[in-house]
Amino acid sequence: MTDQVNDAVRTAVERAAAAGEAWRATPPAERATVLEGVSDALLKHAEELWPAAAEETRLPEARLRGEIARTAAQFRLFAGVLRDGGWVEAVIDHPDPGATPPCPDLRRMNHPLGVVAVFAASNFPFAFSVAGGDTVSALAAGCPVVVKAHEGHPRTSDLTASVVRQALPDPDLLGLVHGFETGAPLVQHPLVTAVGFTGSLGGGTAIQKLIDERPDPIPFYGELGSVNPVVVLPSADPAEVASGFAASLTLGVGQFCTNPGLVFVPAEGGFEQAVAEAVAATSGGPMLTAKIREGYLRASDRLAGRLTVLASGGAVDGITPQVFAADLEAFAEGLPELGEECFGPSAIVVRYRDPADLPAVLRRLPGSLTATVHAAGPEEARDLVPVLRRLAGRLIWNGWPTGVAVSWAMHHGGPWPASTAPAHTSVGAASIGRWTTPVAYQDWPADLLPPELRDDNPLGVPQRVDGRLRA
């Protein structure tokens, strides 16, 4: 590792840490105004941003314009989160000398951690990259950010960073480093307090190893892979299921973390044939990077060596959507290997004869971001609910997992390997909690308390006072 690489990382982190001192002291309402300014800047510069991303990723204009709009919307969402104030989780317990044991005056709230390292994702050059969800939620929390750009879109990363920095009160609040070799020194820099990552299982485990080697291990919030099982019950409509599945499977050439990789269908009722016909009418397309393309081809070859090909779409740029088929018993025998993610437009259709046989197999699947049920009514799915709640972080009814809304209620996480911390989300308002740490103040002078914890509540944030929530 060259001294030049270490110097670049060190400079970015140290500058971010210095800029972060004033940022964390900036009132939330002022930080909210800054985030709205970033949102406006992204939209203003869309005509510069999307062509650069199109050249590097070969993604279509409509997709990239939509992604820029989504990224801008994320900044506006977190401006609202800051103004609401509930994210600090302000709690006040007044003294109670008669309690057992006696309770002093205690007040607790969340504070920003410090410098956050973010690893940009390959499949979203805007929404999960330099200005993505990890970055905006960390900035909202009061943390400066240093992003490791993805090698699939370096120019887009530089342009995005430039746009965002112009809207920040201090451009050093957003650092940017390039190159695979910058990852290790970034993760292990002593001023980095947490890491966000969206990528492969291999990449995530490598980052965790680097963190474990630190003298002070830090939180790691990684999204590492997901097969997103879909359970089709006998009452569902075969044609609707087939068309929706084919569209979801091939959206963006299957390069989404929420791609439906497993579909359980009844052996009777024409479901398998309907899926085969719908997938046969699809086509592939260019993938984002040569590495992703090679990984997809290897994974498809691995499945082809073990399973029957149910249907193939048209080949474009050497990429063919493929669906494989297996009976439930054979699929269960092939676990855990058959439950591994194949990143791209590939899935396994699993035939079952009795829905009562499904829970035992579903319990053996790896954790996922999503799990979906297709049925005409809720009673038919009742026995599956307890299993699916333990399997995935988002449960979908008669829909498809691709497409993740940016909202207050969204949860984008799940049991391992879907994410390293299943209680946390990388999308939506709650994602701000990853970059905070609680601090309790005992018998603290009122003049030194944060305004969120004062009895007069000058910021008007929600407070839980003596066990009762006051909005």
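**Close-up views of cavities and backbone features**

**Figure 1. The largest cavity.** The largest cavity has a volume of about 130 Å³. The model shown here and in the other views is predicted. Searching the whole structure gives four cavities of 30 Å³ or more. Around the largest cavity are 18 lining residues, and those nearest its centre are Gly 261, Glu 340, Glu 341, Cys 342 and Ser 346. Helix α11 (290-304) and strand β12 (346-352) each contribute at least two residues to this lining, with β12 giving the most, three residues. By type, the lining of the largest cavity consists of nine nonpolar, six polar and three charged residues.

**Figure 2. The second largest cavity.** The volume of the second largest cavity is about 110 Å³. Its lining is made up of 15 residues, of which Tyr 221, Gly 222, Ser 419, Ser 426 and Arg 434 lie nearest the centre. Strands β6 (192-198) and β7 (220-223) each provide at least two lining residues; the largest share, three residues, is from β7. Nine residues of this lining are polar, three are nonpolar and three are charged.

Figure 3. Ser 248 belongs to helix α9, which spans residues 238-250. This serine counts as buried because its relative accessibility is 3%, and buried means under 20%. Leaving aside residues up to four places away in sequence, Ser 248 is in contact with Asn 259, Pro 260, Trp 400, Pro 401 and Thr 402.

**Figure 4. Two cis peptide bonds.** Most peptide bonds are trans. The bond between Thr 100 and Pro 101 is cis, with omega of about -5 degrees. Pro 101 sits in the loop that runs between β1 (90-93) and β2 (106-112). Another cis peptide bond links Leu 335 to Pro 336, and here omega is about 10 degrees. Pro 336 is part of the loop between α12 (328-333) and β12.

Figure 5. Most residues other than glycine have a negative phi. Asn 228 has a positive phi, near 50 degrees, and is located in the loop between β7 and β8 (229-232). With a relative accessibility of 0%, Asn 228 counts as buried. Val 253 also has a positive phi, near 55 degrees. The loop that holds Val 253 lies between α9 and β9 (262-266). Val 253 counts as buried because its relative accessibility is 16%.

Terms used: Residues are numbered from 1 along each chain as its sequence is written. This is a predicted model: local features need pLDDT of at least 70, side-chain atom pairs count only at pLDDT 80 or more; totals for chains, interfaces and linings use all residues. Side-chain values use heavy atoms; hydrogens and water are left out. Helices (H or I, at least four residues) and strands (E, at least two) are DSSP runs, numbered from the N terminus. Buried means under 20% relative accessible area, exposed over 50%, partly exposed in between (1.4 Å probe, protein chains only). Contact means heavy atoms within 4.5 Å. On a 1 Å grid over the protein atoms alone, a cavity is a set of points where a 1.4 Å probe fits but cannot get out, and a pocket is an open set with protein on both sides within 12 Å along at least five of seven lines; lining residues have an atom within 4 Å of a point. Grid points are joined across faces, edges and corners, and a volume is the space filled by probe spheres set on the points. Ala, Val, Leu, Ile, Met, Phe, Trp, Tyr, Cys and Pro count as nonpolar, Asp, Glu, Lys and Arg as charged, and the others, Gly among them, as polar.
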